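Here's a quick briefing to read alongside the model.

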Amino acid sequence: MTSFILSRRGLLRVSGLALVAGVASCATAPQKPSTPSDGEDQTAAALPLVNQLRAKNGLPPLSIDPAATAAALFQAKRMASAGKMKHVMGIADGFGPRVKASGVRLPAAENIAAGQQSVPAVVTAWINSPHHLENMLGRYNGIGVAVAHNPASRNVPYWAMVLST
């Protein structure tokens, strides 16, 4: 009977290689959602509400940014596919690389929400949240807003707003 004993150094080496392999496999570009979900561009409906808020605060209006819209649609679909409202969904996930992949110029910001049944309801929810309100009143020029649903996640509406410079 042969026994196999790893030295402490050997064990550390094997552990280190496993960690590097695991991290390397996670460091991929953002992928399209794999679970079916439908998404809709809601920018045109949200824009007047956000611009009204900005006008009340003496700020210039935002305009529709196709790259921000694509980034918002991607995030809304991703959340609906996962059935989770989260900005970051994995160890190698990051807001900057994700929105840059859609062509959004940085700095940028993102507001997310889940459950609201209409554009006015989600914009009101963001207005009532200090951090989300701060984003909408930030030094941005462009906006994209999207909603997505997925039958696998009970068709809960998942919302994303991306604000761009």
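The chain has six helices and five strands (DSSP runs numbered from the N terminus: H or I of at least four residues for helices, E of at least two for strands). Along the sequence they come in the order α-β-α-β-α-α-β-α-α-β-β. Keep in mind that this is a predicted model, where local features need pLDDT of at least 70, side-chain atom pairs count only at pLDDT 80 or more, and totals for chains, interfaces and linings use all residues. Residues are numbered from 1 along each chain as its sequence is written, and side-chain values use heavy atoms, with hydrogens and water left out.

**Whole chain**
- Of the 165 residues, 39% are buried (under 20% relative accessible area with a 1.4 Å probe, protein chains only; exposed is over 50%, partly exposed in between).
- Take the contacts (heavy atoms within 4.5 Å) between residues at least 6 apart in sequence: 71% of them join residues at least 24 apart.

**Helix α2**
- T43, A46, L47, V50, N51, L53 and R54 are the buried residues named in α2.
- These cover an arc of only 155° around the axis, so they sit on the same side of α2 (the arc is taken from the directions from the helix axis to the C-beta atoms).
- A55 and K56 are exposed on the other side of α2.

**Salt bridge**
- There is one salt bridge in the structure (a side-chain nitrogen of Lys or Arg within 4 Å of a carboxyl oxygen of Asp or Glu).
- It pairs the side chains of E110 and R98, at 2.8 Å from N to O.
- E110 lies in strand β3 (residues 108-114) and R98 in helix α4 (residues 95-101), so the pair ties together parts 12 residues apart in sequence.
- E110 and R98 are both buried.
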